[in-house]
Amino acid sequence: MLTGAGISAESGIPTFRGEDGLWRKYRAEQLATLSAFIQDPKLVWEWYDWRRGIIDTKEPNPGHEVLAGWEGFFPQFALITQNIDGLHQKAGSNNVTELHGNIWKQRCIEEKTISEYHDVPLKEIPPHCPECGALLRPHVVWFGESLDGTILQKSFMLSSTCDVMFAIGTSAVVQPAASLPLSAAEAGAKFIEINPDPTPLTSYADFSFRAKSGELLPLLDAELRRRSEEKKE
Ligand code: BV8
């Protein structure tokens, strides 16, 4: 299972590349890069503080809730997300692989220690490490930064050994995340996409549903559970 910003859209969180997208107002290279942070940590933190403020008031939607329920429904289930909003965890998913980090976590640029605090708004912009006084940065993966090797390796291993791979709510333009569903399909998995719009992955999908995840996932869930009960009879 790979999710992107689209699964949080029905919770009221702007996606990146949609009409109301976060990138519409800002250019990614202006803000989600290490060089932008070094150049102007205050501006980058103001952007993240603004996003934390939006996310803090939002709740998981039925799409998140169905995936949280599938953790216990399927014998093996892996949720890999590009999202940093923490809504999968808020919906009850316990085992979430966060490819791009988490907006509620911060990392000391000197000690590399990771902390998590939910101040909204941030008390200090930019925030400093309480231990050594160095700048804190968002514990997220910026463009041009490598993803955590262990997380990436685990994600490709999970993708290339699964029976069914879903890509839900992602425009599939960001690498290497967008290659995960392809590695699943190449390994023989059924690949299912859920997105109101077509993406570069659509042509590789066995089924591509032009639908909103918050609407379709509950229907899929009900049908799967009905068939599972039928089998038991
Ligand atoms: C890296 C930061 C090594 C946190 C983000 C090939 C291989 C490797 C790298 C590259 C490559 N080609 C290019 C690169 C470089 C770059 C990249 O991918 N650039 C792209 C833009 C071309 N990749 C990297 O830099 C990565 N690093 O690989 O390291 C390296 C290093 C240097 C040079 C080469 C390689 C790091 C990528 C991580 C970047 N960080 N975010 C933050 O501030 O958020 S990416 C950002 O985009 C978010 O994390 C987001 O999750 C991600 C993907 O976006 P989506 O989630 O797909 O969201 P989007 O808005 O685009 O789409 C939403 C979709 O939902 C739409 O399709 C819409 O139709 C749909 N939707 C809307 N409503 C609904 C819905 N779907 C369902 N239901 C609905 N209701």
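**Close-up views of a predicted model**

**View 1. Strand 4 and its two partner strands.** Strand 4 and strand 6 (residues 136–140) run antiparallel and are joined by four bridges. The model shown here and in the other views is predicted. Across this pairing, R107 stands opposite R137 in strand 6. Strand 4 also runs antiparallel to strand 5 (residues 114–116), with three bridges between them. Here Q106 has S115 in strand 5 as its bridge partner. Strand 4 (residues 101–108) is largely enclosed by the rest of the structure, because seven of its eight residues are buried.

**View 2. The hairpin of strand 4 and strand 5.** Five residues lie between strand 4 and strand 5, and the two strands form a hairpin. In the turn, K112 has a positive phi of about 65 degrees.

View 3. In general, strands of a sheet pair through backbone hydrogen bonds, in either a parallel or an antiparallel way.

**View 4. Strand 2 beside strand 3.** Strand 2 (residues 79–81) pairs with strand 3 in the parallel sense, over three bridges. T81 stands opposite E98 in strand 3.

**View 5. Strand 7 and the strands on either side.** Strand 1 (residues 2–3) runs parallel to strand 7 and is joined to strand 7 by two bridges. In this pair, T3 stands opposite I168 in strand 7. Strand 7 and strand 8 also run parallel, joined by five bridges. F166 has I192 in strand 8 as its bridge partner. Strand 7 is mostly covered, with four of its five residues buried.

**View 6. Helices that go with strand 7 and strand 8.** A right-handed β-α-β unit is made by strand 7, helix 8 (residues 180–186) and strand 8.

**View 7. I54 in helix 4.** I54 is found in helix 4, which covers residues 41–56. Is I54 buried or exposed? I54 is buried, because its relative accessible area is 18% and buried means under 20%. Which residues does I54 contact, leaving aside its neighbours within four places in sequence? These contacts are with G12 and P14. I54 and I13 are 41 residues apart in sequence, while their C-alpha atoms are 6.9 Å apart in space.

**View 8. The largest cavity.** How many cavities of 30 Å³ or more does the structure hold? There are two cavities of that size. The largest cavity contains about 100 Å³ of space. Eleven residues line this largest cavity, and the closest to its centre are A5, I13, F16, R51 and D85.

Conventions
Residues are numbered from 1 along each chain as its sequence is written. This is a predicted model: local features need pLDDT of at least 70, side-chain atom pairs count only at pLDDT 80 or more; totals for chains, interfaces and linings use all residues. Side-chain values use heavy atoms; hydrogens and water are left out. Buried means under 20% relative accessible area, exposed over 50%, partly exposed in between (1.4 Å probe, protein chains only). Contact means heavy atoms within 4.5 Å. Two strands pair if DSSP finds at least two bridges between them. A crossover is right-handed if, with the strands pointing away from the viewer, the path from the first strand over the helix to the second runs clockwise. On a 1 Å grid over the protein atoms alone, a cavity is a set of points where a 1.4 Å probe fits but cannot get out, and a pocket is an open set with protein on both sides within 12 Å along at least five of seven lines; lining residues have an atom within 4 Å of a point. Grid points are joined across faces, edges and corners, and a volume is the space filled by probe spheres set on the points.
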